[in-house]
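Hi there,

Here is the structure I promised to pass on. Please open it alongside this message and have a look while you read.

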Amino acid sequence: MQQVDYIIVGAGSAGCILAERLSADPQTTVLLLEAGGTDASPWVSLPIGYGKLNADPRRTWRYMTEPDEGLAGRSITWPRGRLLGGSGSINAMVYCRGLPGDFDDWEASGAMGWSWRGVRPVYDRLETKVAPNGRRSGSGPIHVQDVKDQIHKVNRHFFAAARELGLPLTDDFNGEAPEGCGIYEINTRNGRRCSSAQAFLRPARARSNLIVRTNAQARRILFVGTTAAGVELETGEQLLARREVILSAGAIGSPQLLQVSGIGPGALLQDLGIPLVHANGNVGANLQDHLAANFTFKAREKTLNAVLRPFTGQALAALQYALTRKGPLALSVNQCGGFLRSRPDLTRPDQQLYFNPISYRLVPSGNGTRIKVDPFDGFIICAQPARPTSRGRIEIQSADCAVPPKIMPNSLATEEDRRTVIDGGRLCRKLMSSRALSGLVEQAVAPDLLSLDDDGILADFRARASTVYHPVSTCRMGENRGTSVVDSRLKVHGVEGLRIVDASAFPNITSGNTNAPTMMLALKGADLILEDRRQTGT
């Protein structure tokens, strides 16, 4: 029976950072468990490889939601990373800290010490910012690349439209003035994905006090009374932790593991015959996610389709990447966008926009789907409601952790969310009606955004919108035990020796992409764990 100081369940964006930070002390033993396999694949390191990875059943959990009334009764695929690096190894790598107000809201909701003032220094430690000329600022492990010298030239029409409409522009979504239209930074280093698995875990694996086990699926948390003592694997093997068990299995995996281990809604667990360790109805509740529906247009000039569709274009892009580590293969498909207010009466942005100089479809492939570039020059625009107010749930349907839980997003359940969808559609329609973008359009691909009224925008969103892969808050942080799962130091309420350090602990969803704040949370979480250890003297 293996015994270590800390057991970390889940080697995703958060778990890899925790493993490196906690094992930095050679006297501390750390065991990192990952249900999936290695991230050693050229498709993982290649930024454009996102198109293959996100639908790869070997590297993703192929979750499906329950039929969602708010999305016309549809069940949506929710892929999550199942490999070292987790979803940070398969995502589109847009690096957004989130808006400062997001974190002030965190603290206002009860997460003490997690205001913008409290988290900004953590971001600074996390990052090395790299300018187009190679100049670096900061010394953090995660490289945040400014790619304005590499984006496709068709993006100029988006910025011309923003200027025409008097919309704000920003030079840096992660800078002092993040509101406005701009170019997304991505976490790459020398043209390769810079995930937490690569930046933190890979150099730490040489340490003898860090054990990394892949293909190790946790079955349940082991308790002695109400103290977490270890983890049992699907194989029946039991692993013991002298100090703490830390869940970093994500917004779906962490609440699932809590529930099958006896922490969660009391009636649900009793109905499934699971011995109750601690009743807390907030476990699995407060589920939040971003949604979007793409609008596709045929363009009058060449877009990225002309490069990535034909074999000759692919070959030239591959050659450019091999020689320079730059070009289309070194970038995300999400190149431009912005954080904008859809109405002048708003005090902060309610929309995140994406403008992609490429158009594509998801088509069936094997056991999943794959991205297929459209056979014409096209581009995409969409608005993502930044701060949804609807709340869903995750509930286990079996005591067996191998059985996927029920995912109930409860999308568009509030009038505010429905209005925000309409406002986002109006904003996109306004941009597409500008001289700058209307001149680029040869033809709209159905549905035609310009022909949709308010009711049509909402109906179309219900019929086509899907996840933007940002589920959070199912084990939300807060000091009020009646509304949260973990306290401000990420300790699980009602038990000892157990923490949750991943996106499930977000008090609320951030306005933008969630991978950067997840890594920040892990780095700050590691600080809290080490600080608590020093204070106890153990």
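Below is what turned up, one region at a time.

A word on the basis: this is a predicted model, in which local features need pLDDT of at least 70 and side-chain atom pairs count only at pLDDT 80 or more, while totals for chains, interfaces and linings use all residues. Residues are numbered from 1 along each chain as its sequence is written, and side-chain values use heavy atoms, with hydrogens and water left out.

**The cores.** A nonpolar core here is a set of buried Ala, Val, Leu, Ile, Met, Phe, Trp, Tyr and Cys residues joined through side-chain atoms within 4.5 Å. Buried means under 20% relative accessible area, exposed over 50%, and partly exposed in between (1.4 Å probe, protein chains only). The largest such core has 83 residues, and Trp114, Leu258 and Leu498 have the most contacts inside it. Helix H15 (residues 515-536) gives the largest share of this core, nine residues; helices (H or I, at least four residues) and strands (E, at least two) are DSSP runs, numbered from the N terminus. Another core, of 51 residues, lies apart from it and includes Ile394, Val421, Leu449 and Phe461.

**Two helices side by side.** Helix H1 (residues 13-22) packs with H15 at an angle of about 30°, their axes 8 Å apart. Axes are lines fitted to C-alpha atoms, for helices over the stretch in contact, and angles run from 0 to 180 degrees between N-to-C directions. H1 is therefore roughly parallel to H15, a label for angles under 35 degrees. Among the H1 residues that meet H15 are Ile17, Leu18 and Arg21, where contact means heavy atoms within 4.5 Å.

Three strands make an open sheet of mixed pairing, in the order E6-E5-E7; two strands pair if DSSP finds at least two bridges between them. Strands E6 (136-137) and E7 (142-145) are the edges, each pairing on one side only. E5 (residues 127-130) runs parallel to E7, and four bridges join them. Within that pair, Lys129 stands opposite Val144. Helix H5 (residues 116-126) packs on the sheet, touching E5 and E7.

Val445 sits in the loop between strand E26 (441-444) and helix H14 (454-464). Is Val445 buried or partly exposed? With a relative accessible area of 26%, Val445 is partly exposed. Phe295 is 150 residues away in sequence, yet 7.5 Å away in space, C-alpha to C-alpha.

Notes
Angles under 35 degrees count as roughly parallel, over 145 as roughly antiparallel, 65 to 115 as roughly perpendicular and the rest as oblique.
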